[in-house]
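Biologist: Hello! Could you show me how to read the features of a structure I have never looked at before?
Modeller: Gladly, let us open it together.

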2 protein chains.
Amino acid sequence: MSFVYAVSLFTVLVAFAFAAYLFLWVRRQKEGNARIMEVSALIKAGANTFMRREYGILAVFACIVAALIVLFLPKPFWQGDFSQNLAMMVAYLAGTILSAIAGKIGILVATSANARTAEGARQGIKPAFLIGFRGGAVMGLAVVGFSLLGVSLVLMLLGDSSILLGFSFGASSLALFAKAGGGIFTKTADVSADLTGKVELGIPEDDPRNPAVIADNVGDKVGDGAGMGADLFDSNVAAMTAALVIAEGLGGAANTMMVFCYAALGLIASIIGIATARINQNGNPTRALNSSTYVTTGLFIVLTALATAIFQGFSWRVWGASTVGLLVGVIIGITTDYFTDDSKPIVRRVAHASHSGSAFTVLSGISYGFISVLPAMIGIAVSALVAYKLCAPMGDGYAMYGIAMAAVGMLSIVGMIISNDAYGPIVDNARGLAEMGNLGEETIRVADELDSAGNTVKAVTKGFAIGAAGLTVISLLGAYMSEANAALIAAGREIITGFDVMNPLVFFGILIGAAIPAVFSAMLMLGVDKNAQRMVEEIHRQFREIRGLKEGKEGVQPDYGRCIHIATSGALMELIPAGLVAILSTMVVGFIGGPLAIGGFLLGNIVSGLLLALFMSNAGGLWDNSKKYVEAGNEGGKGSEAHKAAVVGDTVGDPFKDTAGPSINTQITVVSLVASLMSAIFVAYSLFR
Amino acid sequence: MSFVYAVSLFTVLVAFAFAAYLFLWVRRQKEGNARIMEVSALIKAGANTFMRREYGILAVFACIVAALIVLFLPKPFWQGDFSQNLAMMVAYLAGTILSAIAGKIGILVATSANARTAEGARQGIKPAFLIGFRGGAVMGLAVVGFSLLGVSLVLMLLGDSSILLGFSFGASSLALFAKAGGGIFTKTADVSADLTGKVELGIPEDDPRNPAVIADNVGDKVGDGAGMGADLFDSNVAAMTAALVIAEGLGGAANTMMVFCYAALGLIASIIGIATARINQNGNPTRALNSSTYVTTGLFIVLTALATAIFQGFSWRVWGASTVGLLVGVIIGITTDYFTDDSKPIVRRVAHASHSGSAFTVLSGISYGFISVLPAMIGIAVSALVAYKLCAPMGDGYAMYGIAMAAVGMLSIVGMIISNDAYGPIVDNARGLAEMGNLGEETIRVADELDSAGNTVKAVTKGFAIGAAGLTVISLLGAYMSEANAALIAAGREIITGFDVMNPLVFFGILIGAAIPAVFSAMLMLGVDKNAQRMVEEIHRQFREIRGLKEGKEGVQPDYGRCIHIATSGALMELIPAGLVAILSTMVVGFIGGPLAIGGFLLGNIVSGLLLALFMSNAGGLWDNSKKYVEAGNEGGKGSEAHKAAVVGDTVGDPFKDTAGPSINTQITVVSLVASLMSAIFVAYSLFR
């Protein structure tokens, strides 16, 4: 095993070295003019304000959770033996801290890369693309590097895979704040800036007079950039954790080794994919992003095949499961693209429906959003079935190991996925900066092209992230069962062999679990609304009280910081009740129905969570691109009635795709981990058995 | 047993006699003026056109299905023994025919009662209420009478509860056409009439120049009236069937007797509730409708308690399960009311959100719609758990019997529920007739008040219908397991003891089953859109080609029939692919994964179906009432920007609540019955086991 850890840690070192090289490369590029640097500094300061405040609240939250862990997890304090509880607390804190560092690094490089990308766009698409992409890649490498580092260290130093659940829970806590909190923040800023600027005053997007404009630009970073990074950090750690918990249950070092080996090879494939990403002058940035994803995918499959051929105890069946997982992930990404790309018929149909008014934009978007769920659900179902059937002949328990390895396989290229995803907000910002810095028509056009590629790729990465989360939470269900059985054996009770839906406790859990993602996402969306109301009030106050602001008098600046402050506090305030509903309902179901009800609860949560997450993300992307399609001059173009209707669709879709939809992933993971961590307590104390 | 049948049939006779009395009473009331009679005759003719065409297509469909049944169900023809197959075919056809007759009677009385209600409204609220309510009651009594008659006769004459599945499938087939087809019809007509009339020409709702106006009025009848009746006929039959299949599995005449006894007592309670419904001059119609529901509920509980005390072999535990089911049904109705009644805060919040634009109306409606799912899901979960726990001590298999009896209990008052529900479209029509017949301000005000009560009660009955369907389909899952096990025993294979979600076949089924209601409802909504486009074209053609129509020249009439024809054909054309997707996906999953995958498929279907049905029905009701709240002069009143936004919400909500949401119930039942009927085939032929 120490060989495995050595290899993992060495790979992490290589990834960090490469990330450092890319970071320094980005920093060496030319920054923009004075105006750009000024705005860029404001964005950087705003992002730091958000992160500081977020991490501040998170620190308080993490300390409370850490205290609860010491008292209750994995065993309540009155049962003695604190050493496990202390180890779990350390693992938990490590999970939050490593994810936070990865997020911080990502934001740091992104706020450096945006101005340089804008400047690069003056030279053409090639240098601008490389700056944006490499900036994103630093985030990708940092996230995957830190997740592999953390998992290796926790297992090496604390030596128990169930302690890893604590580490994973730490990562999930952070993801909940970063993804859901960031999601509320970004949409609050976006909606308020649009409502007060575009609608009330008729000033353009990104107009520096608008007090919310910096918050809006910060939002792209913290919601899409850092949030997505934390989300995938969380999924990646959860997938590895689930696989390792199940591997430990099976015994045999090869099973554990395989998890690390696959994760390390995925990182190596991502490094090579990133290093070879290229674009020609006047090349197509979407194609460049996608082709590096395919390179990484192909490399991973070949490398793992080599490893399977070389190492003793590595099974071709497991390789098959992991390959199927990865391929299905890619397929889900492609089908997502079909529903959200404006060169495909669906987006155009929704744009066409806008002619009949906004109600039809909304109805057709919801309808196609519902339909878009099917291919991904089939993909996840088939990959789980194939992985299971492939690995079941290896022996008892191997089937669930196969599913876990399919999830690990799907997430293997996550470094590449995050790079592509983090590229988006960088070039989006660059576009805003090019406009604010008056870099001229041609530069804005280049930046626009880069931005549009970012949006297209974003849909694919979101589909991928949800698919990966789907497989991961299935294996977390397996991990939960292992944990619950350990507790049942310790209590001298019969173990659980499965969750039979005909059992009323399981069924009870399923129905309530299925309602939670709906309630959770609704609370986040209502949170955006409430928070936006607060922010609109603040913007009105500034326009009223700061003289000369509305008129754009020289030297008069709005108080950007105050808007950021309000959006941040509000976002976290709205997030906490939603998070508590999810966690408390898990506890209520557990205390009523015990471990069986929790199994049902997790299943219901997974099923309805996947359904809603896919629906909301895809419908949101669909509306966004329909609006852009109309704005490109189709169906009447900008200013037409169809355009107004398309804007309504986009406004509905924004919190769908950027706040609620992708946060459901994290909600499912959090709930699954709470269930696993508390399984011993539910075994001991429940109303029914 | 013959005593039980005698009692059931006698109760049915009483119900029919009472229905006939009410029908004659309605017919004795005064009809309206010439103009009203003319329009009323047009509506009646239109409804008949729709029904004739619907039943025509249904007859073809039913013959194809009947042929397939003879060939394949319950056993494929190459296994010999046709007698069972013939019995099932007869039962199937009986199911479609009895439901069709009940629907026809309902439409007949409703189209007679509407004009008389309008005329009655001239005398005040008391006579108008009684005419509307008694008209609805004829439908309620016919539906429940025919369902009890059918179930009794099938069991008496064909003597096998699994043949009842065929009868139930017949009822479901009809419900699919009536509810989903009617739902598409009604919204097609509504949307097209509004778009061309109110929006394009600026003429009022119900203006006789609009070619779609009769179709719109017919739509209320066929979608809300006959559709809801067929839906509850289906649920009622399915609940009794599931209980009887499970009772037969348990053995013991008392279990079977209890099902019939409860159903008969429910019918008696409904008759008394209907007979005692009263309102004072200037009384509150909503209160009158609700109080007769409470009378029926109380009576049923008392009557079943008496029966339990008197008859040997009747268990108090089962009585408890049934009572819990009924009470939870009422509670679900009340919580639905909380989310959709304009005197409660939620509707007002959504109305208030309309100030910020239609995107916010939509977002807040979706959010509260999601949240509204929780209490109903908890209610169903708790009633299933309590029923199970109450009855489990009675012996093996009794737990599922308890759940089935909770569903029977919940549906016991269905006669009363349908009466309330069928009241809605009658008074809605009466309101339109009062306007078209120029009956004056005061009459319209009275009709408005009656109509508003109908809308409020409709939300409650919809919640109730979905809750009842929820419990019913759980017991259908139990019935499916019985059937699958009979087939497995016959094949000499191991029986199924449950559906373990950790089994990959079950899990595979769950994920795909969960996606189906989303796809099904999306296809229906897109169907409305496509069909409305066809109809709008036809309306444009008529305005273009019929001279003097637009100007309202004396004696010039549009071609109402052609619009009805287009809406009908289109509705059925759009419905069939959606129905096929649901049925074929069941077959694909069954042939791939066998009986275990189908168990999972049904569970996924139930869970996501309940979630979406509750969400769509409640969100739709919420938007509808928000619009009405604004129109009543709040938040800026009619013509304000907030009103425009509220109208967008209502337009989105219309297909939600009248087409897709309530059709999902039927989709779940159809799929559950297809699964039960084909279980032997899936056992024999599947890729995996």
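Biologist: What should helix α9 of chain A span at 1.5 Å a residue?
Modeller: The expected span of a helix is 1.5 Å times one less than its number of residues. Helix α9 of chain A, residues 316-340, has 25 residues and so should span 36 Å. Its end C-alpha atoms are 36 Å apart, which agrees. Keep in mind that this is a predicted model.

Biologist: Which side chain reaches to the backbone nitrogen of R317(A) at the start of α9(A)?
Modeller: That is S315(A), with a side-chain oxygen within 2.9 Å of that nitrogen.

Biologist: At what angle do α9(A) and helix α10 of chain A pack?
Modeller: The angle is about 30 degrees, and their axes are 5 Å apart. Angles under 35 degrees count as roughly parallel, so α9(A) is roughly parallel to α10(A). Y338(A), F339(A) and T340(A) of α9(A) make the contact with P345(A), I346(A) and V347(A) of α10(A).

Biologist: How do the axes of α2(A) and α16(A) cross?
Modeller: Helix α2 (residues 34-72) and helix α16 (residues 560-631), both of chain A, have axes that come within 10 Å and cross at roughly 30 degrees. That makes α2(A) roughly parallel to α16(A). Their crossing is right-handed. Among the residues that meet there are L42(A), F50(A) and I57(A) from α2(A), and Y560(A), I564(A) and L572(A) from α16(A).

Biologist: Now the two chains: what rotation superposes chain B on chain A?
Modeller: A rotation of 180 degrees does, with 0.0 Å of shift along its axis and an RMSD of 0.0 Å. That is the relation of a two-fold axis. In chain B, D500(B) has the C-alpha nearest the axis, 2.0 Å from it.

Biologist: Why do the copies meet through the same surface?
Modeller: Because 100% of the interface residues of chain B are also interface residues in chain A.

Key
Residues numbered from 1 in each chain as written. Chains lettered and ligands numbered in written order. Predicted model: local features only at pLDDT ≥ 70, side-chain atom pairs only at ≥ 80, totals over all residues. Heavy atoms only, no water. Least-squares fit on C-alpha atoms with pLDDT ≥ 70 in both. Contact = heavy atoms within 4.5 Å. Helix = DSSP H or I, 4+ residues; strand = E, 2+ residues; numbered from the N terminus. Polar contact = N/O pair within 3.5 Å; in protein donor to acceptor, adjacent residues only side chain to side chain. Axes fitted to C-alpha atoms, helices over the stretch in contact; angles between N-to-C directions. Parallel < 35°, antiparallel > 145°, perpendicular 65-115°, else oblique. Left-handed = near helix turned anticlockwise from the far one by under 90°.
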